[in-house]
Amino acid sequence: MAHITETDLQEMKRYGFDTEVFKNFFCVTFISVATGETHVFTLWDKNNDIAKLKRFLAQPLFLIGFNSHSYDMPVLRYILNYKGKTLNADLYKLSAKLISDAHRDDEDIMALRYPRYQETIVNQDLFALMGF
């Protein structure tokens with residue numbers, strides 16, 4: 001999507017969402033604002049929904065989260081661009097960096113928080129909206 005227009009915004013599916021990252025478990029849940037329909041994607045030793053998650057994220061979406069600019073969206077961007085073989089372990093390391101003040105100015109973290117490319121996902125962060 002080269003440029004998101006007002007029409008694009010009106011037609012985007014809207015979801016509330018949240019990610020959870022643990023040492024051996026990842027989960028992201030999306031709940032449709034319009035219908036309440038839920039999409040849950042997990043990654044752990046007995047399940048790997050990452051290919052399904054990437055397909056879901058390939059559509060134009062309007063995502064609503066809490067602290068999502070600083071945490072959830074960087075996690076999703078990391079997954080979308082991941083090329084390694086140990087995603088769960090690497091997500092856990094990323095999560096620790098995202099919540100640590102010591103890595104606030106890290107170039108890799110900044111690139112995940114503030115991408116320099118056009119996305120098909122629009123994100124509204126309620127934390128930022130509330131002025132925190």
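Predicted model: local features only at pLDDT ≥ 70, side-chain atom pairs only at ≥ 80, totals over all residues.
**Group meeting: how the helices and strands pack**

Hi everyone, let's start with a contact: Ser 70, Tyr 71, Pro 74, Val 75, Tyr 78 and Ile 79 in H3 meet Leu 87, Asp 90, Leu 91, Leu 94, Ser 95 and Leu 98 in H4. Contact here means heavy atoms within 4.5 Å. Those residues divide into nine nonpolar, two polar and one charged.

Residues are numbered from 1 along each chain as its sequence is written, and side-chain values use heavy atoms, with hydrogens and water left out. Helices (H or I, at least four residues) and strands (E, at least two) are DSSP runs, numbered from the N terminus.

Back to our pair. H3 and helix H4, residues 87-98, pack at about 150 degrees, with axes 11 Å apart. The axes are lines fitted to C-alpha atoms, for helices over the stretch in contact, and angles run from 0 to 180 degrees between N-to-C directions. H3 and H4 are therefore roughly antiparallel; angles under 35 degrees count as roughly parallel, over 145 as roughly antiparallel, 65 to 115 as roughly perpendicular and the rest as oblique. Their crossing is right-handed; that is, the near helix is turned clockwise from the far one by less than a right angle, with anticlockwise being left-handed.

Now, what about H2 and H3? The axes of H2 (residues 50-57) and H3 (residues 68-81) come within 10 Å and cross at roughly 110 degrees. That makes H2 roughly perpendicular to H3. The contact is made by Ile 50, Leu 53, Lys 54 and Leu 57 of H2 and Leu 76, Ile 79 and Leu 80 of H3. Six of these residues are nonpolar, none polar and one charged. This crossing is left-handed.

On to the strands, which pair if DSSP finds at least two bridges between them. S2 (residues 25-32) and S3 (residues 38-44) run antiparallel, joined by six bridges. Thr 29 stands opposite Val 40 in S3. Five residues lie between the strands of this hairpin, where Gly 36 takes a positive phi near 80 degrees.

Finally, two bridges join S3 to S4 (residues 47-48), again running antiparallel. Leu 43 has Asn 48 in S4 as its bridge partner, and the S3 and S4 hairpin has two residues between its strands. Thanks, everyone!

Technical notes:
Nonpolar A, V, L, I, M, F, W, Y, C, P; charged D, E, K, R; others polar.
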